[in-house]
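Let's walk through this structure together, one region at a time. Have the sequence and the 3D view ready as you read.

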Amino acid sequence: MVTVEEGKAKIILDGVFYNPRMRFCRDLDVLIFSSIDSKEILDSLAASGIRGIRAALEAKKMPKFNDIDKKAVEVIKKNLEINGIDAEVYNCDANKLFREKKFEHVDVDPFGSPAIFIESACFSAKKYLSITATDTAALCGSSTSSGLRKYSAFAVKTDTHHETGLRILLGFIARQATKIDKAIIPIASWTFEHCYRVHLALKRSSSAVSRIYEKIGYIFYCKSCNAKVVKGFGEVLENCRCGGKFTQIGPLWIGEIKDKDVVSKAVKIATGKARKFLTIILDEVDVATSYDVQRVAQKLKISTPPIQSVVEKLRGLGFKASRSHYCGNCVKTDASLDDLSEIVTSLSHQV
Ligand SMILES: C[S@@+](CC[C@H](N)C(=O)[O-])C[C@H]1O[C@@H](n2cnc3c(N)ncnc32)[C@H](O)[C@@H]1O
Ligand SMILES: [Zn+2]
């Protein structure tokens, strides 16, 4: 029988789902799990149980497991034995389990979209929630109708659609959570290859819930010149300065997408590629707009200056600016496209 080693875990698969490409994502998860104050985690769509097993072995959590598939449950039980872990394993529809039992931390890692699980997962999770979405077409705007159906949000494929995709997912979770009087507090959010992953804390507080809509809004996007402007609910924007029309992307989360303390704890214990990735996330500025500098330069018909120089110049002029974890040529900044274009021009030479 094939065995797989990942982190400190050794597992068998016996025909059950396991995606080796998600290994790096699980490496990051374990670092985040280790950096939050919790004891228990439910791996609610567990398949082989790899994530919960790693949470136990590497982050010292008390895992619980669930999968609707009987075969997966058998494999999880064998894997628990192999790894010397004693844990409860449920064989239930996750949504039913979420309505019946509460867990300190709920992890939701489905095939494709997590949309159908989110409201009940928010109901079940007492403190923390971790969610994966691999339906990138719906979130990034390559399938507008899927985005509308699954997330009730309008996504557009821009030069930085990973940023908006992540924020559409967070905005959707936030809106689902408010229905049951919970406010979300994002802890760590990233996109990597074909996956979006968010870790959140949940707070039962009517004042936090009533303020949550200050953190949800839209990005007004001009298809003609690529300008992006963040606006809250109920705010409107007339035509773009270039004369083009704005399209509203969202609703989406416009607040902070990480907790600096948690991510800096994770950075301290991380090594290698995970440390590099989490350091970029830690250094990201708290703004919802970003631009691909190469595209900006192409439009201006000039060469692309080094991205780090653009970031430094923006900061020198008083703007918020940083690199981004999802694109080497992108800057996250609160500067307008006009200001950014001026800076890119000043650092470039004509081609
Ligand atoms: C993408 S796999 C999970 C992968 C796993 N978390 C990992 O890290 O390798 C999704 C799993 O969810 C299970 N599943 C699908 N729908 C479910 C439902 N409604 N309730 C519980 N489990 C479900 C499937 O049987 C499958 O094992
Ligand atoms: Zn414009």
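**Around the ligand, then into the core**

The shell around ligand 1 is made up of 12 nonpolar, three polar and five charged residues (Ala, Val, Leu, Ile, Met, Phe, Trp, Tyr, Cys and Pro count as nonpolar, Asp, Glu, Lys and Arg as charged, and the others, Gly among them, as polar). In total 20 residues surround ligand 1, and Leu-45, Ala-47, Ile-68, Ala-94 and Asp-109 are the closest (a residue is near if its C-beta atom, placed from the backbone, lies within 6 Å of the molecule).

A word on conventions: this is a predicted model, in which local features need pLDDT of at least 70 and side-chain atom pairs count only at pLDDT 80 or more, while totals for chains, interfaces and linings use all residues. Residues are numbered from 1 along each chain as its sequence is written, with chains lettered from A and ligands numbered from 1 in the order in which they are written.

Now look at the largest nonpolar core, with 108 residues, where Leu-169 and Ile-173 touch the most other members. Such a core is a set of buried Ala, Val, Leu, Ile, Met, Phe, Trp, Tyr and Cys residues joined through C-beta atoms within 7 Å; buried means 20 or more other C-beta atoms within 10 Å of a residue's own, exposed 12 or fewer, and partly exposed in between, with C-beta atoms placed from the backbone. Helix H8 (residues 161-178) gives the most to this core, eight residues (helices are DSSP runs of H or I, at least four residues, numbered from the N terminus).

Finally, turn to Ser-264, in helix H10 (residues 260-269). Ser-264 is partly exposed because 14 other C-beta atoms lie within 10 Å.

Notes: Helix = DSSP H or I, 4+ residues; strand = E, 2+ residues; numbered from the N terminus.
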